[in-house]
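Open your viewer and get ready to select residues by number. We will go from stop to stop through this model.

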Amino acid sequence: MKPTSQSDYLKRIDRAIAAVAASLEEERPLPSAAALAAFANFSPFHFMRVYRALAGEPLGATVQRLRLTRAAHLLAGSLAPVSVIAGRVGFETPQSFARAFRQHFGLAPSEARNAIAEAPRAPEPPALAEAAIHIDVVALEPFRVVVLRNRGAYSKIDEAYGRLFAWMAARGALEAIAGLWGIPHHDRRDTPDEESLFDCCLAIAAPLDAAEGVTTKRIGGGRYLRHLHLGSFAQLDDAHDALLRGLLVSGQWQLRESPILHEYLDDPEITPEAQLRTHIYLPVESAFGATS
């Protein structure tokens, strides 16, 4: 099996961008995230994270840029009213379109129509900083955890872990805790708080009966790329980007449909933020098809 190269991944991202651009050009509804994942031949499971890592911006920012670039072409090449153009490129109101246009291009749509003979050049996506990161390839045996799911703001996760520890304490099971883990189901930079899911997990040495919103399950199993992140928990999504961008495009590995795992090695109540250590586990399989 031929490994996937960096250029192959970027071509697949370009196909998703081209699908959005074609929909705007033809004034059709935009493809869903699942449809764009299919265009790019990515699994929907990790598509939003992979897209951000490789494109250098979230999918929503790309769509906004393409909408505004299309609007600029329409302003320069047609006499349609600004309010009509706003609707044609997907803005709900002329006011929201005018605000976005001015923020992006530095002038109002009406000013642009008077000032340009051709559409202004849209800014390029942010440049991707390259940094060397150290990884280990590990085989993580499945292990048992108790889980309390947090739905909502990331800032509430500490409270959720507190409830989970209290649940363990009420059962006299604190000594059974073998590790502190987390499963970030969404990228908090791109997900509204009310839709964000995060599983607070405690590894346990012996089974416990689920109750009061706490569940039990096994996590892990298979190969992972493990990176030791040093610093604030707020930077973990950026670290995901570096792993996806720097490692998956190497051609040796491809993502499995399994969640990213965090293993928290320090207590944030007694450890300075800059010294917090977190193992990030990225689920992978060999791009060559080998299983061992």
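Select Asp190. In this predicted model, Asp190 is partly exposed, with a relative accessible area of 30%. Show both side chains. Asp190 and Arg52 meet in a salt bridge, 2.6 Å from N to O. Where do Asp190 and Arg52 sit in the chain? Asp190 is in the loop between strand S3 (177-184) and strand S4 (197-204). Arg52 is in helix H3 (residues 47-55).

Next, select Arg189 and Asp187. Their side chains also form a salt bridge, 2.6 Å from N to O. Are these partners buried or exposed, or in between? Arg189 is partly exposed, with 29% relative accessibility. Asp187 is buried, at 7%.

Move on to Asp266 and Arg277. Here the salt bridge spans 2.9 Å, N to O. Asp266 lies in the loop between strand S8 (261-264) and strand S9 (277-286), while Arg277 belongs to S9. They are 11 residues apart. Asp266 counts as buried at 16% relative accessibility. Arg277 counts as partly exposed at 35%.

Now select a whole group: Arg52, Asp187, Arg189, Asp190, Asp238 and Asp241. Salt bridges that share partners join these residues into one network. How many salt bridges are there in total? The count comes to 17.

Which residues make the contact? From H3, pick Arg49, Val50, Arg52, Ala53 and Leu54. From H9, pick Asp237, His240, Asp241, Leu244 and Arg245. Colour them by class. You will find 4 nonpolar, 1 polar and 5 charged residues.

Select another helix pair: H4 (residues 59-77) and H6 (residues 94-105). Their axes come within 10 Å and cross at roughly 95 degrees. That makes H4 roughly perpendicular to H6. On the H4 side, the contact uses Gln64, Arg65, Leu68, Thr69, Ala71, Ala72 and Leu75. On the H6 side are Phe97, Ala100, Phe101, His104 and Phe105. This contact divides into 8 nonpolar, 3 polar and 1 charged.

Turn to the aromatic rings. The whole structure holds 12 aromatic pairs. Zoom in on one of them, Tyr224 with Tyr281. How are the rings of Tyr224 and Tyr281 arranged? The pair is edge-to-face, with 85 degrees between the planes and 5.9 Å from centre to centre. Tyr224 lies in strand S6 (residues 223-230) and Tyr281 in strand S9, so the pair ties together parts 57 residues apart in sequence. Tyr224 is buried, at 0% relative accessibility. Tyr281 is buried too, with a relative accessible area of 3%.

For the last stop, select Tyr154, Tyr161, Phe198, Phe233 and Tyr264. These residues form one aromatic cluster.

Methods: Residues numbered from 1 in each chain as written. Predicted model: local features only at pLDDT ≥ 70, side-chain atom pairs only at ≥ 80, totals over all residues. Heavy atoms only, no water. Axes fitted to C-alpha atoms, helices over the stretch in contact; angles between N-to-C directions. Helix = DSSP H or I, 4+ residues; strand = E, 2+ residues; numbered from the N terminus. Parallel < 35°, antiparallel > 145°, perpendicular 65-115°, else oblique. Contact = heavy atoms within 4.5 Å. Nonpolar A, V, L, I, M, F, W, Y, C, P; charged D, E, K, R; others polar. Salt bridge = Lys/Arg side-chain N within 4 Å of Asp/Glu carboxyl O. Buried < 20%, exposed > 50% of the residue type's maximum accessible area, 1.4 Å probe, protein only. Phe/Tyr/Trp six-rings, centres within 6.5 Å; stacked < 30°, edge-to-face > 60°.
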